[in-house]
Every structure is written in structure tokens, then in C-alpha cells.
Amino acid sequence: MNPHHPIGVFDSGLGGLTVLREIRRLLPGEDLLYVADSAHAPYGDKSMAFIESRSIAITEFLLERGAKAIVVACNTATGAAAKLLRTQYNVPLIAMEPAVKPAVERTRSGVVAVLATRRTLASHNFSVLLGRLETDAEILLQPCPGLVERVEAGDLAGEGTRELLRGYLEPLLARGADTLVLGCTHYPLLTPLIQELAGPDVLILDSGIGVARQVRRRLSEAELLAPEERTGRERFWTSAPPARMHALMARLWAGEVELARWVESEAEDDRRSPGDLALEPT
């Protein structure tokens with residue numbers, strides 16, 4: 001590995017851009033590679049085997065392009081595949097952890113709510129996280145089916161998204177939640193709408209900044225930080241048609257993106273085993 005090599009980041013779709021943005025802010029000299037597996041988003045309704053298979057394929061894709069570290073910018077993929085990836089690849093691997101600990105430290109009412117996918121909330125990693133906490137705070141768990149699809153469609157503030165969020169938030173607020181943990185990397189893209197619906201006194205936390213700090217720490221320990229005088233660049237891939245994804249990705253990234261598509265080894269066929277997929281850029 002070489003300090004000039006890029007950092008590889010992946011997510012089931014566009015949500016990992018929220019993590020990528022924090023990495024870029026903290027590490028402006030690093031080159032960044034980002035893979036959005038949007039053709040298969042959301043991961044929250046996929047099997048463990050499918051998520052593991054996709055995560056391995058994406059990680060190998062990034063390593064083939066020289067990635068010196070891998071960031072699993074997806075809570076669902078973290079719960080399903082991070083442990084496996086760490087056993088198979090000898091590079092720094094940084095994964096997600098919902099910001100529950102800082103939430104219980106900052107709640108005033110003693111009630112914290114975690115919004116995430118069903119698979120994240122049911123994962124072993126999340127159970128371990130809750131088990132490590134020493135707190136009297138009440139922690140409410142709220143699965144949010146449909147939100148990832150709304151973000152992937154670019155609907156961040158439409159009436160359908162608003163009504164979906166309102167249905168998830170109102171019971172939590174009625175029970176006294178004053179701190180919301182966004183346990184999916186897609187959800188920070190909805191923060192303005194969540195804040196509007198929850199009210200200005202409700203604190204909203206996500207893990208993006210913490211992950212970026214962990215990336216910096218791990219690279220520093222491995223002496224892999226890029227020289228500070230460099231200006232980093234980004235490259236993006238998507239498993240969905242780039243013509244459909246480019247404008248939305250550029251909008252969410254708030255800048256121009258260099259976007260390519262993966263091409264599977266044969267014509268796309270949902271009957272094929274996930275392990276048979278070969279990912280290559282155009």
C-alpha cells in the first residue's frame with residue numbers, strides 16, 4: 001500500500017455519499033473511489049448471503065483499483081458483511097456504527113430513538129452495540145421501510161416522503177424522544193425534512209463525522225495518509241444506468257461527478273447467483 005493510493009467507499013446506493021462528504025472535508029488530499037450498488041438498493045430487504053456476496057465483489061473491485069482502505073458506508077452491509085470482510089482482506093476496513101452512545105449522553109428527556117432498516121436493527125452488531133451501553137435512557141427502535149427507496153428516487157421533500165416520515169416520527173415524539181439517531185447513511189439526506197417534522201428542539205445525530213475521523217486515525221496509524229498539499233479527486237461507479245443516476249448523484253454530491261457503470265459478466269438476470277456477478281467499469 002502507498003499513501004498516494006485512493007480510499008475505497010461503498011454503499012447499497014447513494015446514502016454513502018453522506019459519509020464520503022465527511023471524509024472529503026476531513027481529508028481533502030485523499031483520492032476517493034465510490035461505488036453505489038443502486039441497482040440492488042435497498043440492502044435492507046436482501047438476504048445475508050446476497051449482501052455478503054455484493055460486499056465481497058465491491059471490495060475486490062475497489063482493491064483492484066488500488067484502494068488502500070475500505071469504508072463500508074452502509075449500516076446494513078456493516079451488520080451483514082463487515083466481520084467477513086475483515087477476515088478476508090488485509091487492509092484497514094472502517095464500517096458504520098449508529099451514534100447511539102453519543103445520543104444517550106446528550107438526551108435531556110432520557111428517550112432516544114434509532115431510525116434504521118429492519119436488517120440493521122436486527123443485526124448482531126447492533127445488539128452488541130446496545131449491550132455495551134450503560135445507560136438508563138430508553139432506546140426506541142424504529143424500522144423505516146421505504147425511506148431508502150425515496151432517497152434513491154431523489155424524493156427528499158415530496159409529500160410522499162413527508163407522510164412516510166411523519167408516520168415514523170410521531171409515535172417516537174409522543175413517547176418523549178428528544179434525540180434521533182439516523183442509523184442508515186441514506187437518512188442524513190433527509191435531515192432538513194426530519195428536523196422540520198420533529199421540531200427545532202430535537203437533536204439529530206448520524207455517524208458520518210465519526211467514520212471520517214476513524215478513517216483518518218487508521219490511515220495515520222498505518223502511515224498511509226496522503227500528503228496534505230495534495231488536492232484529492234473522486235471517481236464514482238453505479239450498478240444502475242449512469243444516464244439515470246448521474247444528475248441525482250451530482251445533485252446529492254453538490255458537484256460534478258465522474259460516473260461509470262458496472263457491467264455484469266452476462267445480461268442482467270435476477271435468476272443468477274449473486275456470486276456469479278463480475279463487476280467491471282465501462
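**Figure 1. Lining of the largest cavity in the predicted model.** Sorted by class, the residues around the largest cavity are five nonpolar, nine polar and one charged. The lining consists of 15 residues, and those nearest the cavity centre are Ser 12, Cys 74, Thr 76, Thr 117 and Cys 184. The volume of this cavity is about 80 Å³. In total, the predicted structure holds three cavities of 30 Å³ or more. Empty space of this kind is found by rolling a probe the size of a water molecule over the atoms.

**Figure 2. The second largest cavity and its lining residues.** A volume of about 50 Å³ is computed for the second largest cavity. Its lining is made up of Thr 18, Val 19, Asn 75, Met 96, Leu 182, Cys 184, Thr 185, Pro 188, Asp 206, Ser 207 and Gly 208. By class, five of these residues are nonpolar, five are polar and one is charged. Residues of domain 1 (7–96 + 208–261) and of domain 2 (100–207) both take part in the lining, so the second largest cavity lies between these domains. Cys 184 is among the residues listed here, and Cys 184 is also one of those nearest the centre of the largest cavity.

**Figure 3. The largest pocket.** The largest pocket has a volume of about 1,000 Å³. It is lined by 45 residues, with Met 96, Glu 97, Pro 98, Ala 99 and Ser 207 closest to the pocket centre. At least two lining residues come from each of the following elements: helix H1 (17–26), helix H3 (75–88), strand S4 (93–95), helix H4 (100–106), helix H6 (124–132), strand S8 (203–205) and helix H10 (208–221). H10 supplies the largest share, seven residues. The lining comprises 19 nonpolar, 14 polar and twelve charged residues. Domain 1 (7–96 + 208–261) and domain 2 (100–207) each provide at least three residues of this lining. Met 96 and Ser 207, both named here among the residues closest to the pocket centre, also belong to the lining of the second largest cavity.

**Figure 4. Strand S9 and the strands paired with it.** Of the five residues of strand S9 (residues 234–238), four are buried, so the strand is largely enclosed by the rest of the structure. Buried here refers to a relative accessible area under 20%. S9 runs parallel to strand S2 (residues 32–36), and five bridges join the two. One of the residues in this pairing is Ala 36, whose bridge partner in S9 is Thr 238. S9 also runs parallel to strand S10 (residues 259–261), to which three bridges join it. In that pairing, Phe 236 has Leu 259 of S10 as its bridge partner. In a regular strand, side chains alternate between the two faces of the sheet.

**Figure 5. The β-α-β unit of S9, H11 and S10.** Strand S9, helix H11 (residues 242–253) and strand S10 form a β-α-β unit that is right-handed. Ala 254 lies in the loop that leads from H11 to S10. The phi angle of Ala 254 is positive, about 60°, although the residue is not a glycine. With a relative accessibility of 68%, Ala 254 counts as exposed.

Figure 6. Most residues other than glycine have a negative phi, and most peptide bonds are trans. Glu 223, which is not a glycine, has a positive phi near 55°. Glu 223 is placed in the loop between H10 and S9. Its relative accessibility is 68%, so Glu 223 counts as exposed. The peptide bond that joins Ala 41 and Pro 42 is cis, with omega about 0°. Pro 42 is located in the loop between S2 and helix H2 (48–64).

**Figure 7. Leu 173 in helix H8.** Leu 173 is part of helix H8, which covers residues 159–174. A relative accessibility of 26% places Leu 173 in the partly exposed class. The C-alpha atom of Leu 173 is separated by 7.3 Å from that of Ala 198, while the two residues are 25 residues apart along the chain.

Terms used. Residues numbered from 1 in each chain as written. Predicted model: local features only at pLDDT ≥ 70, side-chain atom pairs only at ≥ 80, totals over all residues. Heavy atoms only, no water. Buried < 20%, exposed > 50% of the residue type's maximum accessible area, 1.4 Å probe, protein only. Pairing = 2+ DSSP bridges. Right-handed = clockwise from strand over helix to strand, strands pointing away. 1 Å grid on protein atoms, 1.4 Å probe; cavity = no way out; pocket = protein on both sides within 12 Å on 5 of 7 lines; lining within 4 Å. Points joined across faces, edges and corners; volume = space filled by probe spheres on them. Nonpolar A, V, L, I, M, F, W, Y, C, P; charged D, E, K, R; others polar. Domains from an automatic or database assignment.
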